[in-house]
Amino acid sequence: MKLNFTKMEGLGNDYVYVNCFKEDVPNPSELSIKISDRHFGIGSDGLILIKPSEVADFTMEMYNADGSQSEMCGNGIRCVGKYVYDYGLIDKEEISVETLAGIKYLKFVIDKKDESDRGTVSMVTVNMGEPIFKPEDVPVNVGEKLDIVQDYPINIDGVEYNITCVSMGNPHCITYVDDTDNFPLEKIGPKFESNPIFPRRVNAEFVQVVSRNYLKMRVWERGSGETLACGTGTCATVVASILNGITEDEVTVKLLGGELIIKWDRASNLVYMTGPAKVVFDGVIEI
């Protein structure tokens with residue numbers, strides 16, 4: 001069976017996208033493992049299916065490189081927006097996308113050659129919804145009753161880290177380090193991901209504060225390992241940084257793959273993410 005696909009990336013967070021209005025994917029978890037392999041497959045952080053929705057313009061269904069399903073991906077959903085506009089599935093510049101983390105709302109920046117040109121999407125702003133703090137909803141279990149796990153000490157390999165836990169539809173654990181470039185993420189990241197206080201594992205963000213408007217961040221994503229960027233993780237990081245009094249309400253975050261602009265509108269309690277989305281190539285694979 002041949003499958004048409006498009007590889008896309010948002011700040012280097014790359015996924016294989018399949019238009020399920022045209023294609024059938026019988027076992028997406030198994031397929032995600034196969035195609036994500038960077039030596040024997042296409043090479044990606046996972047698989048994203050674009051499907052019909054009864055409650056929004058589209059549904060985004062996401063699988064990690066290890067085959068596990070995730071609720072949402074901020075970089076991935078920007079690419080979904082670019083795909084449905086650039087490939088003619090929709091002609092609107094503002095759309096809704098159903099995810100396991102709820103319905104998300106996207107607004108496009110369109111690049112046009114002239115007024116007669118329909119143009120293509122270069123940047124996408126996503127209304128990422130409200131951050132979630134209740135430990136049981138993140139979920140995180142530190143063994144005591146707390147309203148929020150904020151600046152909370154945990155021990156990893158004999159080293160104490162202070163964590164703040166936020167869900168943006170998927171669980172995130174943020175901790176601050178002096179130097180993200182030299183932080184041993186490959187060693188420490190998996191121990192955060194699978195720590196028993198996280199019943200559904202966790203995405204771990206390690207953050208260096210440059211100024212009140214600028215952060216550097218590396219991320220260890222559950223099921224995928226280190227990735228070049230994580231949109232929901234960047235949103236969670238900025239929310240945590242505002243809660244801890246570290247930054248202002250709008251922050252630029254430098255990831256390995258580039259920069260995202262995150263704003264937490266505390267009046268509405270909504271988080272907005274703005275960043276690029278790009279097509280890498282189209283292809284056909286035998287599955």
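Reader: Which residues of helix α4 are buried?
Author: This is a predicted model, in which local features need pLDDT of at least 70 and side-chain atom pairs pLDDT 80 or more, while totals for chains, interfaces and linings use all residues. Residues are numbered from 1 along each chain as its sequence is written, and side-chain values use heavy atoms, without hydrogens or water. Buried means under 20% relative accessible area, exposed over 50%, partly exposed in between (1.4 Å probe, protein chains only). The buried residues of α4 are Gly 231, Thr 232, Gly 233, Thr 234, Cys 235, Ala 236, Thr 237, Val 238, Val 239, Ala 240, Ser 241 and Ile 242.

Reader: What distance does α4 reach from its first C-alpha to its last?
Author: Helices (H or I, at least four residues) and strands (E, at least two) are DSSP runs, numbered from the N terminus. The expected span is 1.5 Å times one less than the number of residues. For the 13 residues of α4 (231-243) the expected value is 18 Å, and the helix comes close to it, at 19 Å.

Reader: How many residues of strand β13 are buried?
Author: Strand β13 covers residues 214-221 and is largely enclosed by the rest of the structure.

Reader: Which strand pairs with β13 in the parallel sense?
Author: Two strands pair if DSSP finds at least two bridges between them. The parallel pairing, over three bridges, is with β15.

Reader: In β15, what is the bridge partner of Leu 215?
Author: Elsewhere on β13, Arg 218 is the partner of Phe 206, and Trp 220 has Glu 226 in β14. For Leu 215, the partner in β15 is Val 253.
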